[in-house]
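Good morning. Please look at the model on the screen while I go through it.

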Amino acid sequence: MKQYFRYFRWLFVLTGIMAFCYGGLCLLHSMRTAPERTNKEGLTKERVFDYGNVLSDEEEEELTSLIAKREKQTGCDIVLVTLNESLKEYAREKEAYVPYQEFVRVYAEEFYDSHAFGYDKPIGDGVLLVDNWFREDDGKIYTWLTAVGKAEDKYTSARTDHLLDEVYRYIEKDPYLAYKAYINGFYHDMTGGGLFTFSLPDWLPAAAAFLSMVSFIVLHWGGKKGEKTVIPSTYITGSPRIYKKEDVFINKIVTRRHIQRSGSGGSGSGGGGRSHGGHHGGGGHSR
C-alpha cells in the first residue's frame, strides 16, 4: 500500500491542489458583495408579502433573511408577493384589454413602482415575483417576474423562462422551496460574470480528471517503454516465402439516403419572455 501511494503521490498532490483552488474560488464567490444601497426613498423594508398565506411565519423569516443576504451580493432589491384573489377587475381598470396571462404583470409593475423598490434609486435595480394562487376564469393560475434596471438588462426571455421553470419545479409540493429557488436563482444569474463573480462550470471536475490522466500517461510513457528485442525474422528459419493474395471486387454499390430533419419548435410553459405591454422587463408562467 505504501508503495502504491509513493508511486501515485504526484497525482494525489495535483488533485489536492485543484480541490483547494476549487474550494477557494467557491469561497470568493460566496463572499462577493455589491456596493452599499443608495435608495433612501423606498417606502418599506419588507421584502416578503405573503398575502396568499402559503408560507409559515418561520418560512417567511428565513426567506427574508436570505433576501437580505442576496441583495447585498447582487446590488438589487428582491421582492416576493403571493396572492390568492382574482386580478381581472384590478388589471382591466388600468389596462382595458389586457389578456388573462398579464393580469399579474399589471399588478407586479404597479406594486414595484408604488413601493419605490430599487437598490440604487426608487424604481431602480431589482426584481419582483408575484405568484397568484387564484384560478382565473380561463382556468389557469398565473405567475409573473418583473425585472427593473440592471436586472432587466440581464433577464432575456430564455433566462426568465429558466428561472420560472425552477420555481414551478417545486411550487405545488413546497412553495417555500420554490421561492427559495427564485431568490438563489436570481443571485446566481446576476453574479454569473466578471472578476470573482463567475459560475463554476459543471464540466470542471471531468476536465480535471481527464487532465490528470493525460499528465500521468505523458510523464510515465517514456520510462515504461521497453527495448525492442524481437524482429519479424527472429523465429523464422530458412528463407521466408511470401505468397501473393489479392481481393478482387466484382461490383461496388453505394446507397445514399437523405435523412429528413425536423425543424426546431415546441411550446413553452406559458407566456414566458419579455413584458409585452408593460414598462418593465420580465415574463410569466401559468399552471
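A residue counts as buried when its relative accessible area is under 20%. What you see is a predicted model.

First, the overall picture. The protein chain contains nine helices and five strands. It has 287 residues, and 36% of them are buried. Among contacts with a separation of 6 or more, 70% are between residues 24 or more positions apart. The accessible surface of the chain is about 19000 Å², and carbon and sulfur atoms account for 56% of that.

Now the sheet. Strands of a sheet pair through backbone hydrogen bonds, and the pairing is either parallel or antiparallel. Here there is an open sheet of five strands in the order β1-β2-β3-β4-β5, and its pairing is mixed. At the edges are β1 (48-50) and β5 (281-286), each of which pairs on one side only. On average, neighbouring strands are turned by 10° against each other, direction ignored.

Going strand by strand, β1 and β2 are parallel and share three bridges. Phe 49 stands opposite Val 81 of β2. Val 81 also has a bridge partner in β3, namely Val 130. The pairing of β2 (residues 77-83) with β3 is parallel, with seven bridges. With β4 (residues 142-148), β3 pairs in the antiparallel sense over six bridges. There, Asp 131 stands opposite Thr 143 of β4.

Why is strand β3 described as largely enclosed by the rest of the structure? Seven of the seven residues in β3, 126-132, are buried, so the strand is largely enclosed. This applies to both faces: on one side Gly 126, Leu 128, Val 130 and Asn 132 are buried, and on the other Val 127, Leu 129 and Asp 131 are buried.

Next, the helices on the sheet. Helix α3 lies across β1 and β2 and runs at about 150° to β2. Helix α8 packs on the sheet as well, touching β2, β3 and β4, with its direction at about 160° to that of β2.

How do these two helices, α3 and α8, pack? The angle between α3 (residues 57-74) and α8 (residues 175-190) is about 5°, and their axes are 10 Å apart. The cut-off for roughly parallel is an angle under 35 degrees, and α3 and α8 are therefore roughly parallel to each other. Residues in the contact include Leu 63, Leu 66 and Ile 67 of α3, and Ile 183, Phe 186 and Tyr 187 of α8. By class, the contact has nine nonpolar, three polar and four charged residues.

That is the end of my part.

Notes
Residues numbered from 1 in each chain as written. Predicted model: local features only at pLDDT ≥ 70, side-chain atom pairs only at ≥ 80, totals over all residues. Heavy atoms only, no water. Buried < 20%, exposed > 50% of the residue type's maximum accessible area, 1.4 Å probe, protein only. Helix = DSSP H or I, 4+ residues; strand = E, 2+ residues; numbered from the N terminus. Pairing = 2+ DSSP bridges. Axes fitted to C-alpha atoms, helices over the stretch in contact; angles between N-to-C directions. Parallel < 35°, antiparallel > 145°, perpendicular 65-115°, else oblique. Contact = heavy atoms within 4.5 Å. Nonpolar A, V, L, I, M, F, W, Y, C, P; charged D, E, K, R; others polar. Areas by Shrake-Rupley, 256 points an atom, 1.4 Å probe, with all protein chains shown as cover.
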